[in-house]
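Biologist: Could you take me through this model and show me how each label is reached?

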Amino acid sequence: MKKDNNVSLARAKARSTARAATVFLIPALLLIAIFIVYPVIDTFVISEYKWNGISADRIFIGMDNWRALIHDAMFWESFKHNLIVMVFSILLQIPLGMLLATFLDAGGKKFNIFKIIWFLPYLMSSVAIAFLFVYALATNGGIISSLATIIQGKRTTVDLLGTAPNALYTVIGVMAWQFTPFYMVYFIAGYGNIDTSVYEAAIIDGATRWQYIKHIAIPLLGPIFKTACTMSLIGSLKYFDMIWNMTQGGPAGSTELMATYMYKLSFQQFNMGYGSTVAAGMFILITAIALIFNKLFKVKEDY
Amino acid sequence: MAKDNTKETDYRKSKIKSIIAWTIAIIFACVQLVLTLTPFFFMIINSFRKQFDMLQQGVFHLPDPWFTENYVTVVTHDFFGYFFRSVIVVSISLVLMLIISSFAAYPLARMKFKLNPFIYAAIVAMMSVPMHVTLIPIFKMTTMIGFNDTLKSLIGPYVAFALPMSVFILTAFMKTIPKEIEESAEIDGCNKYKNFFLMILPLSKSGLSTLAIYNGVGMWNEFAFANTLILSPEKKTLPLALGQFKGEHSLNIPINMAVLTLSVLPMIILFIIFQDKLVKGMMAGAVKG
């Protein structure tokens with residue numbers, strides 16, 4: 001009898017917990033379902049239609065869009081640009097951010113002013129950065145062209161954004177300007193998570209600061225390093241805002257990325273059916289690359 | 001004696017090495033400083049020039065005279081309209097996002113139920129969904145319910161896309177609050193709901209404020225949704241204002257520089273006040289590794 005009571009009491013408690021958990025979780029789950037899960041599914045649905053995004057009639061064309069995507073040279077070209085951006089982002093932003101953080105960690109509080117100034121670019125919106133650099137890199141009155149003019153002693157123009165091979169690497173440079181501060185703070189946080197007693201113990205044992213960084217701090221930062229790479233990887237594959245405002249994918253498609261291509265198709269040419277196919281293709285590629293990266297480097301995620 | 005000598009040269013060697021290392025480091029730091037500041041310097045000094053003085057005076061010379069009319073033009077062309085619309089959208093989205101994510105984090109961090117690990121993993125997995133994939137369906141959805149070209153259409157996507165990361169961080173944060181606090185409250189007759197509002201929520205304040213800053217910067221600068229869902233100039237938010245001004249004064253570079261300067265200023269001021277909070281917010285994210 002007593003045991004029975006206990007069981008039903010435990011059950012009642014579990015039921016009230018479940019009820020409370022449901023109440024607390026519903027708003028978040030609902031929003032995520034409406035604005036993330038459903039749209040992703042709907043993107044795949046729309047990708048099977050010919051649709052201009054406005055009129056009510058859309059024509060079901062099955063896999064036609066997907067067949068077109070596989071043979072779409074522009075899409076694979078933009079994917080290639082995304083890959084180039086990805087490789088350079090990881091190679092530039094993360095090591096540079098790490099170096100800056102190491103410098104700040106070694107210098108302590110007295111270098112705070114460096115930290116504040118180095119962080120400034122990250123506070124600017126991508127749109128603002130795009131417009132600033134459109135003017136700052138212009139052939140007429142831009143920083144680089146003006147510097148070249150001063151150095152050469154005669155009027156010299158350096159066209160960084162207007163010619164095909166230059167533009168993509170210029171954009172990559174501007175992205176490094178924008179995102180290095182982010183990884184810097186990320187690694188500052190990482191250094192902050194290392195217990196100060198670890199450093200003290202190393203110094204007492206006769207290690208120099210360089211040895212401490214090389215043999216203790218960097219291995220301890222390993223997991224953070226991998227997370228930073230994952231973030232940079234996903235970030236560069238879905239990159240959009242700054243390129244859209246700086247080059248719109250030009251000149252001659254040389255800075256076209258998957259996201260700008262998708263946006264152009266959908267919201268300039270109103271070819272939303274095919275635009276959705278590009279978006280869905282982008283989703284598949286990003287997910288696949290992220291999964292492969294995680295498998296290769298075994299990023300440990302503590303869920 | 002001989003031993004002492006080697007010790008001394010060793011010491012001197014490492015001293016010299018450290019001086020060289022620091023010199024290289026400081027030079028590197030200064031180069032980075034110049035690289036960071038030059039565009040800002042370009043932006044600010046050229047915002048104080050007349051349209052045609054820029055090319056005549058050279059972009060690196062200080063303006064002569066300092067011309068403040070550009071700022072007047074910007075402010076009288078509805079700059080504060082854009083500004084306040086951004087403030088409204090960001091503050092409503094932030095408040096909703098903080099309430100909803102702390103609601104969700106509470107059971108995930110502190111209740112035992114069968115689906116807990118599954119729901120948590122599902123929410124965290126949403127972090128890597130690129131928002132651009134959802135643009136077309138969300139555009140379609142907002143048009144369908146007649147929300148297109150309204151500020152309120154931005155709130156849903158802003159809140160939803162900030163949720164996964166915030167739930168992730170808050171769940172980790174709430175797990176660090178000692179269990180005993182809740183248990184003693186339960187003995188005193190508090191139910192789960194009272195517990196949340198009276199105990200857990202106040203104790204999560206510092207986690208919430210770092211999230212507010214971290215996501216606030218993101219929402220303040222958001223472009224893709226705003227550009228897709230809002231069309232009328234009188235409803236546009238601040239990131240769109242830049243394009244609006246550029247469209248109207250594309251040849252007047254100094255006016256564009258003035259708009260840019262005014263749009264970054266609030267973020268810089270906030271950063272200088274709250275920089276420790278921001279670093280802590282990113283630290284919470286870094287724990288993920």
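Modeller: Below we go through some of the labels one by one, keeping in mind that this is a predicted model.

Biologist: Let's begin with chain B. What is its secondary structure made of?

Modeller: Chain B has 12 helices and zero strands. Its pattern along the sequence is α-α-α-α-α-α-α-α-α-α-α-α.

Biologist: How do you know that chain B is more spread out than a compact globule?

Modeller: For 289 residues the globule rule gives 19 Å, and the radius of gyration of chain B is 26 Å, well over that value, so chain B is more spread out than a compact globule. The C-alpha trace spans about 90 × 75 × 35 Å along its principal axes. As for burial, 41% of the 289 residues of chain B count as buried.

Biologist: Where does the side of chain B that touches chain A draw its largest share of residues from?

Modeller: The contact takes 74 residues from chain B and 71 residues from chain A. On the chain B side, helix α12 (residues 253-286) gives the largest share, 14 residues. By class, that side has 53 nonpolar, 17 polar and four charged residues.

Biologist: Now a single residue. Why is T38(B) called partly exposed?

Modeller: A buried residue needs 20 or more other C-beta atoms within 10 Å, and an exposed one has 12 or fewer. T38(B) has 15 such neighbours, so it falls in between and counts as partly exposed. T38(B) sits in helix α1 (residues 2-46) of chain B. Its C-alpha is 9.7 Å from that of F60(B), which is 22 residues away in sequence.

Biologist: What makes helix α11 of chain A mostly covered?

Modeller: Eight of the 10 residues in this helix (residues 258-267) are buried. Among them are M258(A), Y261(A), Y263(A) and L265(A). The cover includes α3 (73-107), α10 (241-246) and α12 (272-297) of chain A, together with α5 (135-144) of chain B.

Biologist: Why are α9(A) and α12(A) called roughly antiparallel?

Modeller: Two packed helices are described by the angle between their axes and the distance between the axes. Helix α9 (residues 209-237) of chain A and α12(A) pack at about 165°, with axes 10 Å apart. Angles over 145 degrees count as roughly antiparallel, so α9(A) and α12(A) get that label. Their crossing is right-handed.

Biologist: Which residues of α9(A) and α12(A) meet?

Modeller: K226(A), T230(A), L233(A), I234(A) and L237(A) in α9(A) meet I286(A), I289(A), A290(A), F293(A) and F297(A) in α12(A). These contact residues divide into eight nonpolar, one polar and one charged.

How values were computed. Residues numbered from 1 in each chain as written. Chains lettered and ligands numbered in written order. Predicted model: local features only at pLDDT ≥ 70, side-chain atom pairs only at ≥ 80, totals over all residues. Helix = DSSP H or I, 4+ residues; strand = E, 2+ residues; numbered from the N terminus. Contact = placed C-beta atoms within 7 Å. Rg over C-alpha atoms; globule rule 2.2 N^0.38 Å. Nonpolar A, V, L, I, M, F, W, Y, C, P; charged D, E, K, R; others polar. Axes fitted to C-alpha atoms, helices over the stretch in contact; angles between N-to-C directions. Parallel < 35°, antiparallel > 145°, perpendicular 65-115°, else oblique. Left-handed = near helix turned anticlockwise from the far one by under 90°.
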